[in-house]
Each structure stands twice: as structure tokens, then as C-alpha cells.
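Please look over the sequence and the model below.

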Amino acid sequence: MATGSEQVVFKNKTARWIEDRLPILGFGYQHLVAYPAPRNLNYFWNFGALAGIMLVLQIITGIVLVMQYTPHTEMAFDSIERIMRDVNYGWLLRYAHANGASMFFIVVYIHIFRGLYYGSYKAPRELLWMLGVVILLLMMATAFMGYVLPWGQMSFWGAQVITSLFSAFPLVGDPIVTWLWGGFAVDNPTLNRFFSLHYLLPFVIVGVVFLHLIALHTHGSNNPVGIDLTKKDKIPFHPYYTVKDLFGLAVFLLFFSYFVFFGPNILGHPDNYIQADPLVTPAHIVPEWYFLPFYAILRSTVYDSIFTPLIVFSYLGITEKLMGVLAMFGSIAVLLVLPWLDTSRVRSANYRPIYRWVFWLLVIDAVVLTWVGGEVPTETVVLIGQLATLYYFVHFLVIMPLLGRLERPRPLPDSLGRPVLSHGASAQPAE
Amino acid sequence: MADTTVRHDESGGATRRDVLDVVTWSAVAIGAGTMVWPLISSMNPSADVLALSTTEVDVSQVPEGAGITVMWRGRPTFVRHRTPAEIEEARAVPLSALKDPQTDEERVKEGKDAYLITGGNCTHLGCVPLGNKVTDDRGEFGGWFCPCHGSHYDTSGRIRKGPAPLNLPVPEYEFISDTVARIG
């Protein structure tokens with residue numbers, strides 16, 4: 001069973017009866033068992049499956065937690081304390097869910113950087129990549145609204161800050177914010193709609209994940225060498241990658257368990273254990289770690305320091321506040337058009353001697369932005385943040401288009417099998 | 001679903017892969033079971049719900065011949081002050097006449113025979129039977145009657161006729177003074 005295209009005939013009578021009426025078993029068989037996967041996938045290809053598992057885990061723990069949660073400003077905080085103290089295993093479910101969100105983002109960020117390194121966004125996988133960016137956006141919305149639900153200080157002020165972003169737009173800004181709040185402040189109507197949407201969006205994500213998988217399986221997985229593969233270079237997903245994914249899952253669960261059982265609050269902010277108070281702002285409002293790079297971009301776009309020349313935009317009505325919002329959304333929007341910004345015909349960075357270093361500069365840049373986002377914006381921090389923000393956009397808007405034309409890639413092998421079978425190991429990359 | 005792949009050796013015996021398969025699925029089953037347990041357990045009564053599980057009743061407020069309904073664990077609980085004739089009637093019934101045989105003595109506290117404390121939901125489908133008020137229809141046996149599906153209970157709260165299978169349950173309780181009973 002090397003390919004998934006042919007008709008499956010089940011030996012089991014019941015399976016055949018079902019398949020004849022609803023071809024769901026054959027669909028599952030073709031996509032989870034027979035799916036022809038490249039035989040050279042490395043462990044970075046585990047993270048897609050891990051992301052799927054995290055999505056399911058979040059939905060399951062979430063559904064159970066909701067049975068104990070009360071979406072009301074006067075009761076939300078206490079209902080969560082009750083989950084922690086009185087509900088059987090409530091502490092475990094809540095910690096698994098809260099840390100699960102962090103784990104989901106770790107997994108997805110690695111998944112994205114894997115795609116960036118190996119050029120998984122390039123033709124014919126542009127829509128696959130864009131659907132992935134849509135999933136990221138949905139995840140961000142879901143995680144943000146979920147963070148608001150405990151109605152702690154950080155929840156409340158996080159909601160205040162993020163919803164206020166929309167007030168940056170001229171004319172329509174303030175009415176939009178009032179509409180988002182359902183009132184004149186972040187209050188009970190806001191909490192209720194966030195709760196409703198926090199429950200809804202994961203299922204929308206599931207839907208887009210299906211599209212993501214259909215797009216993936218249309219042309220098959222990319223691979224570390226980045227060349228199009230023949231049938232001979234593919235192996236069935238089961239048992240080869242089911243086993244590899246299971247091993248990866250086991251290792252990942254060890255990592256996850258460390259946080260859940262030994263440091264459940266390491267990734268959270270202590271202020272969220274203070275009940276929301278609309279009259280007192282925390283000393284330093286910070287989002288969850290996975291939003292820090294975007295938060296840094298938001299805060300860095302002030303018309304000051306190296307960005308002083310941007311002051312010309314203020315004459316066009318683009319205030320510093322609006323610029324921050326635009327830059328932040330732009331930092332994700334730029335990913336949507338990346339398949340057309342990258343002009344190189346070679347996918348894998350293993351064959352792109354300059355890009356493989358540029359890639360790591362982007363990783364470092366993301367780390368720097370994460371750090372900046374968590375710091376109090378003093379003069380030095382702002383300067384570093386501006387440099388990092390500038391580099392982020394230069395990477396996508398300048399380096400990617402130019403590098404594709406200027407760089408001379410190393411020669412690609414014709415197939416995975418040939419160099420190995422003829423003992424011509426020289427054409428096979430070491431990685 | 002793996003029916004299309006060949007995994008048995010020609011002679012039909014188990015292969016190494018069959019063993020690995022069984023071991024893997026066993027591990028998956030144990031792992032999944034372990035992970036599912038907290039999810040299911042979280043839906044059981046929580047500590048704060050269990051903490052609400054005692055109620056005190058001043059039985060001296062119940063007039064002879066009548067009963068009152070108190071809330072215990074969110075459900076009705078009957079406290080009936082029986083007349084000597086009703087107690088007599090309950091004790092005269094032979095156990096062989098009962099669907100759920102229990103003596104009246106087992107269902108009350110010694111020395112407090114006049115007070116019968118039972119759960120207030122019919123053991124058929126959980127309706128609340130009539131009979132606490134003197135004016136209620138108490139059914140053919142003078143205890144309680146559930147008009148919904150026609151179950152008759154006697155003055156000891158035992159099922160005598162109708163679809164209900166069991167006697168009205170006697171909760172855990174004790175008299176903490178002459179007149180006050182603590183249920184739960």
C-alpha cells in the first residue's frame with residue numbers, strides 16, 4: 001500500500017457496508033494509513049501532528065472546564081478558584097488547558113519555522129501555507145479571548161489594551177470599540193461574547209485544519225531536500241510515520257508534563273490571580289509569551305529614535321498608535337504573501353547557502369522581539385525593539401525578494417534514491 | 001482498517017509484528033484510560049457540592065399526622081410525624097406482603113418511632129409523591145401516593161403498589177437533641 005489513490009476494499013463486512021454508503025473509512029485509510037509520505041522526513045515534521053493533537057487536547061479539556069465555569073464578571077474569577085479547589089482534578093484540567101495553549105503555540109511556531117526553513121510555502125503549496133496563517137490568526141484570537149475568561153487583572157487589562165487597538169482607526173475607531181465591548185467599558189457583555197467565541201473558534205480551526213490537510217495531501221508533504229518526489233521515494237504513513245509521530249509525542253508529553261506538574265504557573269502572570277479591577281491598572285501589562293514579538297512590534301512603531309523619519313506619516317493622519325496597529329497586523333499579513341515575496345526556485349535552505357544563515361537571523365530577530373515585548377519600554381529597549389522590528393520587515397520585504405535572484409543555490413539531487421543506491425553519497429546533504 | 005496489509009506468516013502463526021501490535025495497542029489503551037480518568041472524574045460531585053450535604057430539622061415543628069418537606073442535597077426529604085395508629089398499621093404488615101421487604105423498625109430511630117424521615121422522590125421516576133398534607137390523597141395504604149404513575153406507599157414509606165420498585169430511601173441521620181435531627 002504505497003499510494004493513497006487507489007480504491008480501498010475492506011475485508012471486514014461491516015466496514016464494507018459502511019464504506020459503500022459513507023466513504024469515511026476509505027478516506028481515513030487513505031489519509032492516515034496509506035498516505036504516501038516522503039521517506040526522508042526528519043523530526044521537524046512531527047510538529048504538524050503534534051499541533052493537531054494539541055488542538056484536540058485543548059478542545060477536550062476546554063469542554064470539560066466549561067462545565068464548571070461561569071461567564072459572569074462577578075462569578076468568573078470565583079468559578080475558576082472553585083475549579084482549582086473543589087472540582088475533582090479541576091487543577092489538572094485547568095493547568096493542562098492553560099499550559100496546553102502555550103504548548104500549542106510552541107509546536108505551531110516550530111511548525112512555521114520548519115516551513116520557512118524548508119520552503120514549504122512555495123508552489124504548489126501556497127494555499128496550504130496561507131491556510132496555515134489563517135489557523136495562526138484564529139489561534140491568536142482564541143488564545144487571547146481564552147486568557148480573558150478567568151477575569152483576573154491581566155485578563156481584564158489585556159482585553160482593555162487589545163480591544164483599544166481598534167480605536168486607532170480614524171473616525172470608525174471609537175464606535176468599533178464600543179461595539180466590540182457591547183458597552184462603554186470591558187464588562188459583562190464583553191466577557192460573555194469572548195466566552196461564546198472562545199468556544200466557537202476552535203471548531204472553526206478544526207475546519208480550516210481539514211482544508212490545510214486536503215491542501216497538503218493534494219501535492220503531498222514537502223521534505224528536507226525540497227525536491228518533488230517520485231512514488232519510489234515515498235513510504236506509507238502507517239506504520240512509518242505513525243510510529244515516528246508517537247515517539248515524538250512521548251517526548252513532547254514529557255516536556256508538557258514538566259510544566260503542568262512542576263511549573264504550572266511559570267508561563268502565566270501572577271497578576272492574573274488578582275480579581276479584575278477596572279480602577280487599578282497593573283504596574284506592567286504584558287501579554288502571554290507567545291504574543292510578545294507582536295506586542296514588541298506594536299510598541300516599537302513610535303515616531304522616535306530611529307523611526308523619527310516616519311513622522312511624515314503623521315501628516316497623512318497615521319498616528320503612532322495607528323502605525324503600531326498596522327505594523328502588528330502587517331507582521332502577520334506579510335506571511336500571507338510570502339510565497340510571492342520569496343523569488344528563489346529552490347525550496348530547502350539546505351541548498352541555499354546564504355538563506356540558511358538569513359533564516360537563523362530571523363529566528364534570532366524573533367527571540368529579540370520576544371524579549372523586547374516583555375521588557376518595560378525604556379529608551380534602550382525601544383531602540384532595540386525598533387531595530388528588530390525594522391529587520392523583521394526587511395527580512396520579508398527586501399531580503400527574500402532579492403536573495404532569490406542573487407543567491408546561487410547548490411545543485412539539487414534528481415531524486416532521493418539515486419545517489420544513495422549508487423553509493424554517490426556526495427549529492428546527499430549531510431542534514 | 002489494516003485488513004488490506006498482510007501481516008501473518010504463511011503458516012498462520014503470530015509474527016513479531018503481531019506481538020508489537022498487541023503491545024502498542026495495549027499501551028495506547030492504558031494511556032488513553034489514564035488520561036480520560038480526570039476528565040470523567042471532574043464531572044462527579046465536587047468538594048463544595050459534597051460539603052453542602054447536611055441539613056438540620058426541628059421535628060417538633062411537624063404536627064402529628066402530617067409531614068413536612070425539607071431540602072437535603074438539593075432534593076426533597078420527607079419528615080413525617082406519624083400517629084400511633086399509623087405506626088401500628090405499618091408494623092402489622094407481614095414482610096411477605098412487601099415488594100422491598102423492610103421492617104418499620106429498621107426505618108426509624110429507636111425511641112423516635114413517631115418520626116419517619118425518607119427521601120421525597122418516588123423510586124419509580126423521581127416525582128414527588130403526595131401525602132405530607134393531611135388533605136392529600138395518600139393512596140390505598142395511607143402513606144404517600146404518586147399520582148404521576150400510580151405508586152402507593154404505606155405509613156412506613158414502603159412501596160406497596162404501582163410501578164416503583166423500592167421503598168422511599170431512609171437517609172443517614174441522627175437526633176442531635178430531643179427535637180433536632182441532622183440529616184446527612
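Leu338(A) sits in helix α13 (residues 338-341) of chain A; helices (H or I, at least four residues) and strands (E, at least two) are DSSP runs, numbered from the N terminus. This is a predicted model, in which local features need pLDDT of at least 70, side-chain atom pairs count only at pLDDT 80 or more, and totals for chains, interfaces and linings use all residues. Residues are numbered from 1 along each chain as its sequence is written, chains are lettered from A and ligands numbered from 1 in the order in which they are written, and side-chain values use heavy atoms, with hydrogens and water left out.

- Leu338(A) has a relative accessibility of 0% and counts as buried; buried means under 20% relative accessible area, exposed over 50%, and partly exposed in between (1.4 Å probe, protein chains only).
- Apart from neighbours within four places in sequence, Leu338(A) is in contact with Leu116(A), Tyr121(A), Trp129(A), Phe396(A) and Met400(A), where contact means heavy atoms within 4.5 Å.
- The C-alpha atom of Leu338(A) is separated by 31 Å from that of Leu180(A), and the two residues are 158 residues apart along the chain.
- Thr389(A) belongs to helix α15 of chain A and is buried, with a relative accessible area of 2%.
- Residues up to four places away in sequence aside, Thr389(A) touches Ala296(A), Ile297(A), Ser300(A) and Leu369(A).
- Gly146(A) is part of helix α6 (residues 126-148) of chain A and is buried at a relative accessible area of 18%.
- Between the C-alpha atoms of Gly146(A) and Ala98(A) there are 8.9 Å, while 48 residues separate them along the chain.

**Cavities**

- Rolling a probe the size of a water molecule over the atoms shows where empty space is left.
- On a 1 Å grid over the protein atoms alone, a cavity is a set of points where a 1.4 Å probe fits but cannot get out, and lining residues have an atom within 4 Å of a point.
- Grid points are joined across faces, edges and corners, and a volume is the space filled by probe spheres set on the points.
- The structure has 2 cavities of 30 Å³ or more, and the largest cavity holds about 40 Å³ of space.
- The lining of the largest cavity consists of Ala296(A), Arg299(A), Ser300(A), Val372(A), Pro377(A), Val381(A) and Val382(A).
- Two or more of these lining residues come from each of α11 (292-300) and α15 (379-406) of chain A, and α11(A) gives the most, with 3 residues.
- By class, that lining has 5 nonpolar, 1 polar and 1 charged residues; Ala, Val, Leu, Ile, Met, Phe, Trp, Tyr, Cys and Pro count as nonpolar, Asp, Glu, Lys and Arg as charged, and the others, Gly among them, as polar.
- The second largest cavity has a volume of about 40 Å³, and helix α4 (residues 76-85) of chain A gives the most to its lining, with 3 residues.

**Chain B**

- Chain B contains 3 helices and 9 strands.
- Chain B is more spread out than a compact globule, because its radius of gyration is 26 Å, well over the 16 Å that the globule rule gives for 184 residues.
- The radius is taken over C-alpha atoms, and the rule is 2.2 Å times the number of residues to the power 0.38.
- The C-alpha trace of chain B spans about 85 × 35 × 30 Å along its principal axes.
- Of the 184 residues in chain B, 38% are buried.

Technical notes: 1 Å grid on protein atoms, 1.4 Å probe; cavity = no way out; pocket = protein on both sides within 12 Å on 5 of 7 lines; lining within 4 Å.
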